[in-house]
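Colleague: Could you take me through the model on the screen? I would like to start with the aromatic rings and then turn to the helices.

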Amino acid sequence: MTSYNKDYYAVIMAGGVGSRFWPLSTAKYPKQFHDMLGIGETLLQSTFNRLRNVVPHENILILSNEAYNDIIKEQLPKIKQEQIILEPAMRNTAPCILLAAMKIKKKNPNAVMIVAPSDHFINDEDAFVADINLAFEAAIKEDILITLGIKPTFPNTGYGYIKYEQEEGKDLQKVEVFTEKPTLRNAKKYLEEGNYVWNAGIFIWKASFITDSFDAHLPEMFKLFNEGEKVLNTSKEEKFVAETYPKAQNISIDYAIMEKSDSVYVIPASFKWSDLGTWGSLHEELPKDRNDNAVVKAQLMHEDATGNMIYTHNSKVVVVDGLKDYIIVDDKDVLLIVPKEKEQDIKEIRNKVMEKFDESLG
């Protein structure tokens, strides 16, 4: 039986819409609640089960939108309602992380916490657990903010990067700078220099230190939430959050805290990772047939068809002839057939469909 540290907490961020995975992912039922990989569990369930290897079950909180409360309870039936933190308004990552940290700190002043997205693919659970335990142990010892960076495998222009001071023999490296999504030229340069990692949006810190960091770097937001510190984790919390949350600045944790603090460290992760941001990235992670076709749920019959990503909502027979590098998604109400090279246009296609047809399709 696993022995858990009761001071360890996890916050899973599950509020995104995942519009590049349309038509499967919709505002009413986003990608984190789907079995994207065809493995019998949704991305949210996979993330929860992964974190349960490090953090006590009852110490895992889900941050999401009010609209998804019932879906979360259905997919994670063992968690209590108090473990679900609902945002009454759409904001970026800073306000919800601050609220979660303040709730955790009030419950346990010694808490250390991990913040992780709900929709990432991590193939090596053991390596993930080892890295997270390393980060937790470091965060307990010092007042530092830790992020997990992913060692780049190719010059990706779709991710932000983290540059760090390279010190031999150290697990934690001091962060020099966070960078925006680079040009291809800069991404190649980062790869050559060797001290850049992809920003995966996974953070570890003391609950008390991240709230202190808000007080130092974003005092107006800290003050806004701190006025309700007495009602957090009580029956009066919901009313306070409903009134206060919409007033919070719409800003990411990177801009609000990580880029301003001089106490930020990165652990270059030892596991393979994908943020599963597009149908093409899903194709890369799935097993393929000898013609490089990746199939989820469908029964494929093909002639002269290579490199395709095929997803159906049930085990439908799909016949493909003469298509190369296409995304084929058959949802209940929409059939999408788009070249993989145009996968970034899917968000725009979705918007056009919503304008022309029923909004329920979006």
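This is a predicted model: local features need pLDDT of at least 70, side-chain atom pairs count only at pLDDT 80 or more; totals for chains, interfaces and linings use all residues.

Colleague: Are phenylalanine 203 and tryptophan 205 buried or exposed?

Modeller: Both phenylalanine 203 and tryptophan 205 are buried. Buried means under 20% relative accessible area, exposed over 50%, and partly exposed in between (1.4 Å probe, protein chains only).

Colleague: Which residues form an aromatic cluster?

Modeller: Phe154, Tyr159, Trp198 and Trp273 form one such cluster.

Colleague: Which ring faces have a lysine or an arginine over them?

Modeller: Arginine 50 lies over the face of phenylalanine 128, at 5.8 Å from the ring centre. Lysine 174 lies over the face of tyrosine 265, at 5.6 Å from the ring centre. The criterion is NZ of Lys or CZ of Arg within 6 Å of the ring centre and within 35 degrees of the ring normal.

Colleague: Where is tyrosine 265, and what does it touch?

Modeller: Tyrosine 265 is in strand β10 (residues 264-268); strands (E, at least two residues) and helices (H or I, at least four) are DSSP runs, numbered from the N terminus. Not counting residues up to four places away in sequence, tyrosine 265 touches Ile144, Leu145, Ile146, Thr147, Leu172, Gln173, Lys174 and Val175. Contact means heavy atoms within 4.5 Å. Tyrosine 265 and tyrosine 164 are 101 residues apart in sequence and 8.0 Å apart in space, C-alpha to C-alpha.

Colleague: Now the helices. At what angle do α3 and α7 pack?

Modeller: Helix α3 (residues 93-107) and helix α7 (residues 219-226) pack at about 50°, with their axes 11 Å apart. Axes are lines fitted to C-alpha atoms, for helices over the stretch in contact, and angles run from 0 to 180 degrees between N-to-C directions. The two helices α3 and α7 are therefore oblique to each other: angles under 35 degrees count as roughly parallel, over 145 as roughly antiparallel, 65 to 115 as roughly perpendicular and the rest as oblique.

Colleague: Which residues meet there?

Modeller: Ala94, Pro95, Leu98, Leu99 and Met102 in α3 meet Met221, Phe222, Phe225 and Asn226 in α7.

Colleague: And how do α3 and α6 pack?

Modeller: α3 and helix α6 (residues 207-217) pack at an angle of about 135°, with axes 9 Å apart. That makes α3 oblique to α6. On the α3 side, the contact includes Ala94, Leu98 and Met102.

Colleague: One last topic: is glutamine 32 buried or exposed?

Modeller: Glutamine 32 is buried, with a relative accessible area of 2%. Glutamine 32 is found in the loop between β1 (8-13) and α1 (43-51).

Key. Residues are numbered from 1 along each chain as its sequence is written. Side-chain values use heavy atoms; hydrogens and water are left out. Rings of Phe, Tyr and Trp (its six-membered ring) pair if their centres lie within 6.5 Å; planes under 30 degrees apart count as stacked, over 60 as edge-to-face and the rest as tilted.
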